[in-house]
Amino acid sequence: MVPLSWYLILSAILFSLGVFGFLLKRNIITIFMSIELMLNAVNLSFVAFANYWNTHPARLADGTAIIPLSGHVFVFFVMVVAAAEAAVGLAIIISIFRTRETLNVDQVNLLKL
Amino acid sequence: MVHQVLFIIFGLICVAGAVNLLVQRHPINSALSLVVVMASLALIYLLLGAEFLAAIQVIVYAGAIMVLFVFVIMLLNAGAEERTRGSHIALFVGVPGVVVLAGTVAWLLIHSGSRLGGVTISSSNFGETHAIARLLFQNFLLPFEVTSVLILIAIMGAVVLGKREG
């Protein structure tokens, strides 16, 4: 048996590393990958809690039972949104590169393409 | 015992991949270390009894999304990252803020985490595709349909943005 807190700490470490990448990296593609890392860290805590509520059945304050598998469905939706976000984000990056000829975020400081 | 050893191995691989993502200066190296992070996260999902999510993680994340990233990096012929001075606020306020936040969360979890209990590898068929599909197409049917509209909009947005002007 692994304590639930280990999974949550791993999730917090991965999320912090994602935030560091977002703040410190200067390449727009690497910044985008750091966002994906943060999404994955959140997914890990969703899955850990789904397993936890499966073995520790509980009820919400209003008496409805917690459905443990809804954690898995949430991760499914996060992945769908991440896929849509990757398609649009990479299209924006290609569009920026066409006009600016650079991937450095310090030189991309106008909303205009 | 086996569960703990496997968790520590894959957790360390995850953290090492994430650190390598930050350290590497070429985006293709960062992308490949992100694939390592996602693959070991899929194995951690298997430890948590989420077989369907582990498969989806490998197929969608490590497969589709990361291939898209690598494709764009090669298409744009992205070189090594230039070292320029970023935002001072991000460096001197953001980084210590994240360290304090993550440290507080980790401290709280270490000191009161024993009350939470633990997770086990269950022998039941928790997390199998059948149960998730039942939940997804009954309780979450409307969100599921809305995501299909979202994906349609994302595809159209990507086509419009990627279209060469003129």
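Helices (H or I, at least four residues) and strands (E, at least two) are DSSP runs, numbered from the N terminus.

**Ground rules**

I note that this is a predicted model, where local features need pLDDT of at least 70, side-chain atom pairs count only at pLDDT 80 or more, and totals for chains, interfaces and linings use all residues. Residues are numbered from 1 along each chain as its sequence is written, while chains are lettered from A and ligands numbered from 1 in the order in which they are written.

**Chain B, the overall look**

I began with the order of elements in chain B: from the N terminus on, I read α-α-α-α-β-α-α. That makes 6 helices and 1 strand. I then looked up how spread out chain B is. Its radius of gyration (taken over C-alpha atoms) is set against the globule rule, 2.2 Å times the number of residues to the power 0.38. Chain B comes out at 20 Å, well over the 15 Å that the rule gives for 166 residues, so chain B is more spread out than a compact globule. Its C-alpha atoms fill a box of roughly 60 × 40 × 25 Å along the principal axes.

Next came burial. I call a residue buried if 20 or more other C-beta atoms lie within 10 Å of its own, exposed if 12 or fewer, and partly exposed in between, with C-beta atoms placed from the backbone. In chain B, 24% of the 166 residues count as buried.

I also checked contacts, meaning residue pairs whose C-beta atoms, placed from the backbone, lie within 7 Å. Among contacts in chain B between residues at least 6 apart in sequence, 59% join residues at least 24 apart.

How confident is the predictor in chain B? The mean pLDDT (the predictor's confidence in each residue, from 0 to 100) is 88 for chain B, and 98% of its residues reach 70 or more. For the complex, I found an ipTM of 0.90 and a pTM of 0.91.

**Chain B, a few spots**

I went to B:G11 in helix 1 (residues 2-23) of chain B. B:G11 has 22 C-beta neighbours inside 10 Å, so it counts as buried. B:L43 is 32 residues away from B:G11 in sequence, and their C-alpha atoms are 9.7 Å apart in space.

Helix 2 (residues 27-47) of chain B has 21 residues. From first C-alpha to last it reaches 30 Å, close to the 30 Å expected at 1.5 Å a residue; that expected span is 1.5 Å times one less than the number of residues. Just after this helix, I saw B:G49 with a positive phi of about 80°.

Leaving aside neighbours within four places in sequence, B:V72 is in contact with A:I29, A:L90, A:I93 and A:I94. The C-alpha atoms of B:V72 and B:A50, 22 residues apart along the chain, are separated by 31 Å.

**Chain A**

Chain A has 3 helices and 1 strand, in the order β-α-α-α from the N terminus on. Its radius of gyration is 19 Å, well over the 13 Å that the globule rule gives for 113 residues, so chain A is more spread out than a compact globule too. Its C-alpha trace spans about 55 × 25 × 20 Å along the principal axes. I noted that 46% of its 113 residues count as buried.

In helix 1 of chain A, 15 of the 21 residues are buried, so this helix is largely enclosed by the rest of the structure.

I also stopped at A:E101, in the segment after helix 3 of chain A. Its phi is near 60°, a positive value in a residue other than glycine. Most residues other than glycine have a negative phi. A:E101 has 9 C-beta neighbours inside 10 Å, so it counts as exposed.

**Where the chains meet**

Last, I looked at the strands, which pair if DSSP finds at least two bridges between them. Strand 1 of chain A and strand 1 (residues 118-119) of chain B pair in the antiparallel sense over 2 bridges. The bridge partner of A:P3 is B:G118.

Note on methods
Two residues are in contact if their C-beta atoms, placed from the backbone, lie within 7 Å.
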